[in-house]
Amino acid sequence: MKKLIASIAAIFIVTTTMAQVKFNFAILNTQPPAQLSEWGNRRDVLTLLATGQGAAGNQFKIKTEIKTTDGTVIASADLAKTPVFSLNSTGAPLILVANDVMPLEFMVFTGKYKTSLQRTGKLPAGNYIICARPVNITDYTPLGEEQCKNFYLATTQLPILMKPYNEEVMDAKKAQTAIIFRWSPVVPTQPSPVTYRIQVFEVLPTQSPLQALRSNQPLLDKEIVAATQYIWQPQLTFMPYDNETKKLPTFIWTIQSLDATHNPVTQTDGNGEGRSEPILFFINPDKDRKPKKDN
Amino acid sequence: MIKKIIACSFFLCTFVATASAQETTDSLLDKLKDKAKEKVKEKLNISGTMGITYEGYGLSRSPSGWTGYQPRRPWNQVRFIFTPTFKFSKNFSLPFNFNFAAIPTNFAGPYAGIKKPSFGQFITNPMNSFGINPKYKWAELQLGTQYLKYSDLSTGDIGIFGIGVDLRPKTFLFKFFTGISQQGINYVAGPPVVTGAYKRKNWMAQIGTEKEGKYLFALNIAKGKDVPTSAAPPPLTIRPQEGVVISLVSDVYVENGIYFKAEGAQSTFTKDVATPLSPVLKSLKPFIEAHTSTLTDYAGQVAVGKKGKKFDLGVMVKYLGAGFQTIGYPFLQSDKLDYTLNTRINAWKNKMNIVASLGQRVNNVNNTALKAKQFIGNLNWFTQFSDKFSLNVNYNNFGFQAASSFNPYGIKNVSNDLGINPTFTFTGKKIIHLISMSYNYSKYDERDVLTGLTTSNNTHTALLTYVPTYLEKEIAPDFSILYFYNDVPGAKITLATLSAALSMQAVKKKMRLRGQLQYTLGKLNSFSNSNNLIASCNIDYKLTKKLTWATFLTTNYYKYGNEIIPNGANYTETTCRTGFQYRFDTKKQK
């Protein structure tokens, strides 16, 4: 009986000294933004709860590692530089977010992952594991169990505009009835259907194309869900060839890709508006008489 | 509304009065100068234009309260243009470029949604330009709004309000410009929502050597930096950014039409200046210090070819690294490799003209898992077989393929278009008959990433145009009939359009008139027909040699079939654009 009591006491002592801090991933978005620096701006990406009794005045550091699915460590926190955290004395969980768990300025990446991060701010597309363990602030000995979660990274690629192709000259007689717009879908396939907002802007003779896009009201502003083609009936009479500026009636069009909450599917790439690179098309109203295109 | 119209009328009247007074002054000056012609040699030369245009838009929807069709133009807009160039001597010129509008209509970009701009926001709004570029010999001072293109990979798409120089002594080249491309704009939750923007400061410089038509070697540097405190409340989805791009350009043209163009560039771009500074990432001091969101990547393009009277051939390769980003081209889509082969052939005594291009674009270049490939092919073949018959054939292909992450099948979209356009011309004693036929077949295949099944979207378009040209009359009518049919699983769209137009001159050829009527009958699946009638009219009246009054009026009536609720929904929209343009022309004074 004495041996049993001694054993229980020993287990209790070991447990209380070896596992004083407990981590629990409350939130980990399985498909977080590919841009790692963006994790810190988003509360929905990562939340870690820390509870328990810490050593040395309830203080600890977080040893964070990112691994590939075969267990290879591709990044680890530089513990000499990472911040020190203190557990809540009330016993309430300490809430930690992405910037606390994975401070990019103190993460050391290796090999091609380092190169990729420096050049693109992203890791190569694929599955990864993030692991976090509480450690002592002086000798970095473990203070609790390691917690790991899987996530998938993929760069969102905005649609490429396909038709009308760049600088296509269209016959006014055909364009007056219908113009077909086509574009490639957002890659990779998104968890919810993408809303494609197609916009067509008239470029006035005194404007540059991008100036028109950034300043004019669009002649077409239509949202299309999960389809990559739209047939537009312009219901317009195209202005004749401008003898003063020697320009054909010119239009610029683009696609804005929106997610289920009506936000741009990517806010970290390019213009931040989820707008594809716009392209031009021209309408030739006098094709049968005197084809001219001086643009 | 009435106040606006009165104000616009006042502006228009004032403009006409001013322009007429200007003209009267011009003619008096002409007479005086004619008299003193031999004594005084006038050197001032003014060219260019100035004008004012009013645009009005109206939309009436039925039944009352139905909002299924949204307005697509501003209700009222007044645009001003003032672009004279004063040439004081052979060496000194003073061009103005003032283009501005009274009401902001920004829908995309930093000014989207703004309704009551401050003076600074008005000046830097991309819908307005206020530029003056005095030039003396090889030195140009750049003041106000400037759209400066230094190169394809450094800067060129944005307008900046500021100050700079463009100096070209002999073959040397030195350019510098600094200013603001956008003001701080506060976020407004709306409605209407204003996304907001940070104030952006820009600097750019170019140094090099150039001999026009022979060679260009230049080093470019362009920088942009947002001011994080310039918007309160700040934009929710936009981050304050900072970027620097350095590029080296070289163009060489050889006498026999051979050319070589190349540019290499490096960008260092911070996506969010609020992120912590990073000792790990590369800085480009003194231009930019690295944050954890800083990227450094490369881009390059090379074009080699030969241009001739009968034959052109060129190859172009363009690479944009995934992290390449420049403030000067805000919509540039990076992470791609393009290579294209272009050719143009003129044969058969220039009666045959062939233009073709073939190429491939690879997106997600460094990312094998999601690499996307697009094949691009275009051909346009025109042949004038005789005075009476010509034929144009065109073919376009655009294919897109990519993996789709977790789905069993990859993305595959292929667009094919074939067009055939024969034209017949018959010449009589008093009339020339032109009959043009056109048929287009467009096929769009799209693979479902879950089932692997491909759906085809087929479109047929047939157009017949008749244009009689009267050799002894001042009228020019044209007539056309068009049939459009689109077939995709679940939807069949048929459209038939009849169109007639008439152009003529009147009032001793001072007035040009053009009217057009167009009726379209549409049908979607088995729903009842939709109807669309468009009537438009252009009137250009030359009030004097230098003053023109141009008016465009159009009305569009559209009635839906029973494919939408409420049944019988319809709308009528009207557009009126009228304005005066005065053309400066003092060449006679020389």
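So, E1(A) and strand E2 (residues 46-52) of chain A pair in the antiparallel sense, over 7 bridges. Pairing here means that DSSP finds at least two bridges between two strands. The names come from DSSP runs, numbered from the N terminus: helices are H or I with at least four residues, and strands are E with at least two. If you want one pair to look up, take A:Asn24, whose bridge partner in E2(A) is A:Leu49.

Before I go on, a quick word on what we're looking at. This is a predicted model, where local features need pLDDT of at least 70 and side-chain atom pairs count only at pLDDT 80 or more, while totals for chains, interfaces and linings use all residues. Residues are numbered from 1 along each chain as its sequence is written, and chains are lettered from A and ligands numbered from 1 in the order in which they are written.

Chain A has another open sheet of 3 strands, in the order E10-E12-E15, with antiparallel pairing. Here E10 and E15 of chain A are at the edges with a single partner strand each, so one side of each is left without a neighbour in the sheet. E12(A) and E15(A) share 4 bridges, and A:Ile180 has A:Ile231 as its bridge partner in E15(A).

As a whole, chain A has 6 helices and 17 strands. Of its 295 residues, 45% are buried, meaning 20 or more other C-beta atoms lie within 10 Å of a residue's own; exposed means 12 or fewer, partly exposed is in between, and the C-beta atoms are placed from the backbone.

Now, where do the two chains meet? The contact takes 64 residues from chain A and 89 residues from chain B, with two residues in contact if their C-beta atoms, placed from the backbone, lie within 7 Å. On the chain A side, the largest share, 5 residues, comes from H6(A). By class, that side has 22 nonpolar, 31 polar and 11 charged residues. Nonpolar covers Ala, Val, Leu, Ile, Met, Phe, Trp, Tyr, Cys and Pro, charged covers Asp, Glu, Lys and Arg, and the others, Gly among them, count as polar.

A cis peptide bond joins B:Ala232 and B:Pro233, with omega about 0°, and B:Pro233 sits in the loop between strand E10 (215-227) and strand E11 (242-253) of chain B. B:Lys285 and B:Pro286 are also joined by a cis peptide bond, with omega about 10°.

Then there's B:Asp335, which is not a glycine but has a positive phi of about 60°. Is B:Asp335 buried or exposed? B:Asp335 is buried, with 22 other C-beta atoms within 10 Å. B:Asn525, not a glycine either, has a positive phi of about 45°, but B:Asn525 is exposed, with 11 other C-beta atoms within 10 Å.
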